[in-house]
Structure formats: structure tokens, C-alpha cells
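Dear colleague,

I am handing over the structure we spoke about, with the sequence alongside. Please look through it once before reading my notes, which follow below.

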Amino acid sequence: MNLKSLRVFIHVMEEGTLARASGRLNLSQPAASRLLQILEQEFGCALFYRDKKRLVPTPEGELFYPEALRILSSIDDIPGFFAQIKANAVVPLRIICHPRILNGLVLPAMARLSHSRPGLKMKLEMHPRRDLGRRIMHDIFDIGVSTLPLPVETLTPQRLRSAELHVVLPKRHKLARRRFLTPKDVADQPYVALDQHTVIRRIVDQELAKIGAHLEVAHEVSAGAAAYRLVRYGLGFTFADPVALDPEFVDDVALVPWRPAMTVDFGYFLSGSGRRHEALMSFVDCLKEICDERLAA
């Protein structure tokens, strides 16, 4: 198999056009087209439909994409593997996650594990949630932590915990001492919403639609931390769960249960490579402990 052809295939899948794919690889467009043809001829299978300037993946191309990522990521990891051997380095526990759960869950779990296992090395990568599934399919990690569901074709997630969504309000807000809140209670309050690409926004919109309710969005942001800050500044309310809420905001905001209840699930993916870091399950235990403590609080 020609590795250059494989890289062209993957970049066309990600970019959608041969022009952008060849640009990322510093190849001419005819050269990239020829490499793609070599790959298709080698296996006697069309990987794309040609639609004007775009290349649309065939069903065979869609099925081959996760396997191509796995093959290429394994090859790309070889130099780093041998560099570690030569340096006699301790292999770090490799963790990937998306930013929303970083401060509330992943970093506290890393700190707890480090205190119990002095000398343990860890490597953390953060990726936007919309890219995390693709990064997990690259399989260059030991554990990927995420809210669920997260579409990953090749791996099945392990569930950590479920958490109810709460309304986040300034600590001294008039509604902060309520036992619970409903859409009617906050109808006249400014709503600081996460954007529609986030799992929390999708959950909220779906559950509101089920009961025929609607919340008018006053402000919209793409990150939970930004929403919490706007709430702290008194610009309205937002939704969060006790697990992922950044610890820095705990003393400044109130979490009030929402009715009807809405839940978000947390889980993790383990590498499919067969290699298991010796500290992996200890890290999973730390994640579970942090979840339990946050939910109990």
C-alpha cells in the first residue's frame, strides 16, 4: 500500500475537495489525483464519486476511512515509540478530552492520580468535542473522556455517570433558593445559551420541545466557561451539571435543579490497540470518585 495515497485519501475525506487536500500535503492537484487513483486501482474499489469539484465518498470509502486512520496513526506513532525506547523514557498515560469537562473532571482526576502515584507521567490533549471522535479513531491515546453520545464507529464507550442538568444563577439571585425551577419560572430571565453545536444545548432544546416550552436566548456562547462568567456578572442564567462545572465558579453561582429533569451522560473510550497502560484503570477510578463527589455535593 502506498502511504502517500493513503494520506491523500484521508485528507480528501476531511477536506471534501482534492484542491484543499493537495494543498495540505504540498502536492500538485494532478499528483494527488494520481495517488488517489493508484489506491483505488490497487484494491479495485471506487472510494469517491466525482461531483464537479467535490469528491463524495462512496459507501466503500466511508467504511475504509476509520481503518485508514488507524493504519496511518499506527505508522505515524512508530518514530515516537522508538524515540522513547532509545531514551529509556517512561511511557506517559495519554489522555484526550474536550474542554467542557477539563477543569471539573479531568484535571482533578489527574491531580488525584498523581498524588497517589508519584513519578507517573501523563500527557493530556484537548480537542473540540466535534473533533474528538475523529481523534479517538486515530487511536493515539490510552483513554478518551467525553460527554455522551459521541459518534465513534470503531469503539464502544464505557459509561461513567449520569448527571442532572441544573440552572446556574448568581449566588444572590432571587431564584437561587428555590427547590427547583421550571420553564415558567425563568421565562422572564435572560437566557445565556450554549451554541447549537454543544451537547448541553441539544439536550435542553430537545427536552423543551417535548413539553412544548421555549426559552428566548438573550446571549449565546460556544463554551461553558464563558456562559458561567456571564452568569457571574449577572447577565442571566444558563444550564450546567455539577460534574463539569468549573470549580472556580462554585462559590459564586447557585445550582438549582430543573424540572422536568434533564440528564447528561459521561463516559470514556479505551484504546483499541490492545496496549493498556499500567495506570489506566487507576485513572478511571479517579474519574469515578470525582463524579461521585461532585454529584453528592
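This is a predicted model: local features need pLDDT of at least 70, side-chain atom pairs count only at pLDDT 80 or more; totals for chains, interfaces and linings use all residues.

Residues are numbered from 1 along each chain as its sequence is written, and side-chain values use heavy atoms, with hydrogens and water left out.

The chain as a whole

The protein chain has 10 helices and 12 strands, these being DSSP runs numbered from the N terminus (H or I over at least four residues for helices, E over at least two for strands). Its C-alpha trace spans about 70 × 55 × 30 Å along the principal axes. Of its 297 residues, 46% count as buried, where buried means under 20% relative accessible area, exposed over 50%, and partly exposed in between, with a 1.4 Å probe and protein chains only.

The five-stranded sheet

An open sheet of mixed pairing is formed by 5 strands in the order β4-β3-β5-β12-β6, two strands being paired if DSSP finds at least two bridges between them. Its edge strands, each pairing on one side only, are β4 (122-126) and β6 (158-164). From one strand to the next the twist averages 20°; for this and the other angles below, axes are lines fitted to C-alpha atoms, for helices over the stretch in contact, and angles run from 0 to 180 degrees between N-to-C directions.

Strand β12 (residues 263-270) runs antiparallel to β6, to which 6 bridges join it. Within that pairing, alanine 163 has valine 264 as its bridge partner, and glutamine 158 has tyrosine 268. β12 also pairs with β5 in the antiparallel sense over 6 bridges, with leucine 270 as the bridge partner of isoleucine 143. Because 6 of the 8 residues of β12 are buried, this strand is largely enclosed by the rest of the structure.

Helix α6 (residues 102-116) lies across β3 (93-97), β4, β5 (143-148), β6 and β12, and runs at about 175° to β4. Helix α10 (residues 280-296) also packs on the sheet, where it touches β3, β5, β6 and β12 and makes about 10° with the direction of β6. The buried residues of α6 include Leu102, Leu105, Val106, Met110 and Leu113, and its buried residues pack against β3, β4, β5, β6, β12 and α10.

The three-stranded sheet

A further 3 strands form an open, antiparallel sheet in the order β10-β7-β11, with β10 (238-240) and β11 (253-257) as the edge strands that each pair on one side only. Neighbouring strands here are turned by 40° against each other on average, direction ignored. Strand β7 (residues 166-170) pairs with β10 in the antiparallel sense over 3 bridges, and histidine 166 stands opposite alanine 240 in β10. Helix α9 (residues 224-232) packs on this sheet, touching β7, β10 and β11, and its direction makes about 130° with that of β10.

A helix pair and one leucine

Helix α1 (residues 3-15) and helix α3 (residues 29-43) pack at an angle of about 105°, with their axes 8 Å apart. The two are therefore roughly perpendicular, a term that covers 65 to 115 degrees. Lys4, Ser5, Leu6, Val8 and Phe9 in α1 meet Ala32, Leu35, Leu36, Ile38 and Leu39 in α3.

Lastly, leucine 194 lies in strand β8 (residues 191-194), and at 6% relative accessibility it counts as buried. Leaving aside neighbours within four places in sequence, the contacts of leucine 194 include Ile200, Arg201, Val221 and Ala227.

With best wishes

Methods: Angles under 35 degrees count as roughly parallel, over 145 as roughly antiparallel, 65 to 115 as roughly perpendicular and the rest as oblique. Contact means heavy atoms within 4.5 Å.
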